[in-house]
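Welcome, and please open your viewer. We will take a short walk, one selection at a time.

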Amino acid sequence: MFNILTLNKIAAVGTDRLDTALFSCADKQASPHAVLVRSADMHEFPLDGNLLAIARAGAGVNNIPVEKCSEAGVVVFNTPGANANAVKELVLCALFLASRDVVGGVTWAQGLKNEGDNVPALVEKGKSAFAGPEIQGKTLGVVGLGAIGAMVANAACALGMNVLGFDPYLSIDAAWGLSNAVRKARDLRQIYMDSDYITLHIPLTPETRGSVNAEVFSMARSGLRIINMARGELVNTADIKAALEAGTVAAYVTDFPNADLLGVKNIVPVPHLGASTPESEDNCAVMAVDQMADFLRFGTVKNSVNLPDVSLEIGSGGSRLCVIHRNVPNMVGSISSALAAKKVNIENMVNKSKKDMAYSIFDLGSIPEADCMAGIEKMEGVLRARLIV
């Protein structure tokens with residue numbers, strides 16, 4: 001029986017997929033084998049020897065100590081693309097909010113409640129204060145062309161925008177999904193120089209933190225409108241406020257408000273609604289649960305942020321050995337030798353790496369004895385060895 005701890009409310013359409021004969025899923029588990037999480041902060045969560053996996057029902061993993069998990073041999077899954085359509089739709093909404101002061105206009109109109117029969121005339125007189133440009137024919141720079149960025153780029157093309165895309169790590173699959181109308185930018189400099197609107201779809205890393213700052217605003221067209229539905233920390237708060245005051249930036253729509261951004265003219269603070277749709281929550285829950293369950297039952301890894309994708313067709317062997325280890329020479333050879341010394345035959349195997357981490361699955365003809373497993377677990381470079389019988 002695998003004990004699954006939920007740190008947030010996970011949509012039942014996901015957790016109901018768990019076979020109750022194999023999984024016990026609850027919001028209280030003393031020593032869980034896996035954790036299902038959405039936004040709960042796990043940086044202080046104890047990574048004991050029982051914990052095998054963390055599945056994040058969403059794409060971002062800033063709330064999870066990924067490096068610490070890797071050192072403990074804990075797989076961290078996310079659900080890329082599961083909430084992509086929800087975020088894409090909010091980005092399209094943000095495009096219009098950045099152009100037309102709909103929020104300010106609605107707030108102003110609500111304040112006319114006590115004006116009685118004068119309301120229509122006041123509306124006509126005051127509406128010009130909330131005017132703004134159309135998006136058709138304008139240039140949108142899309143920074144990051146992953147699952148969400150590509151969908152935004154395609155939708156913006158369909159709305160009549162000229163779209164520039166930049167992503168130095170663009171995958172072949174993502175490239176196939178892009179509209180032919182999306183033009184490739186040479187670099188980020190071209191994005192800032194040639195765009196009327198910019199939308200961010202990149203992860204938060206030490207390199208990208210605060211990367212949208214005074215330096216990039218200095219090369220931008222006057223009146224640039226910026227949409228940030230990715231991560232708040234990508235944009236330097238002091239610099240965006242200064243750029244708005246100077247008129248370099250005409251509007252900033254962000255899904256990640258902080259105290260310094262509230263009440264500032266031409267900033268539209270959206271309360272982190274990117275993935276807040278029932279469809280998105282269902283998609284993320286199903287994807288997270290399935291990936292976690294396949295790993296616990298079969299050792300399969302898919303959509304992990306710290307391990308490569310690895311799968312091996314189930315054979316007729318006696319057991320399956322799953323080893324998380326460092327990506328260093330001769331690890332597979334050392335494990336194979338340890339098994340051979342105990343006369344355990346390897347019937348099939350697969351090994352893949354991802355940066356400094358690697359993962360190997362061995363289908364064995366018999367079940368290794370305890371001392372064999374203990375020897376493998378103590379090998380230098382082995383972070384976690386698990387036997388599935």
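In which helix is the place of Val286? Select Val286 and you will find yourself in helix 11, which covers residues 278–298. Keep in mind along the way that this is a predicted model.

Stay with Val286 and show its neighbours. Leaving aside residues up to four places away in sequence, Val286 touches Val13, Gly14 and Arg17.

Next, select Phe295. Together with Phe77 and Tyr359, Phe295 belongs to a cluster linked by ring pairs. In total, the structure holds four aromatic pairs. Then bring up Arg386, which lies over the face of Phe295 at 4.7 Å from the ring centre.

For the last stop, select helix 3 (residues 84–99) and helix 6 (residues 147–158). Two packed helices are described by the angle between their axes and the distance between the axes. Here the axes come within 9 Å and cross at roughly 45°, which means that helix 3 is oblique to helix 6. The crossing of these two helices is right-handed.

Which residues make the contact? Show these side by side:

- From helix 3, pick Ala84, Asn85, Val87, Lys88, Val91 and Leu92.
- From helix 6, pick Ala147, Ile148, Met151, Val152 and Ala155.

Conventions. Residues numbered from 1 in each chain as written. Predicted model: local features only at pLDDT ≥ 70, side-chain atom pairs only at ≥ 80, totals over all residues. Heavy atoms only, no water. Axes fitted to C-alpha atoms, helices over the stretch in contact; angles between N-to-C directions. Helix = DSSP H or I, 4+ residues; strand = E, 2+ residues; numbered from the N terminus. Parallel < 35°, antiparallel > 145°, perpendicular 65-115°, else oblique. Left-handed = near helix turned anticlockwise from the far one by under 90°. Contact = heavy atoms within 4.5 Å. Phe/Tyr/Trp six-rings, centres within 6.5 Å; stacked < 30°, edge-to-face > 60°. Lys NZ or Arg CZ within 6 Å of the ring centre and 35° of its normal.
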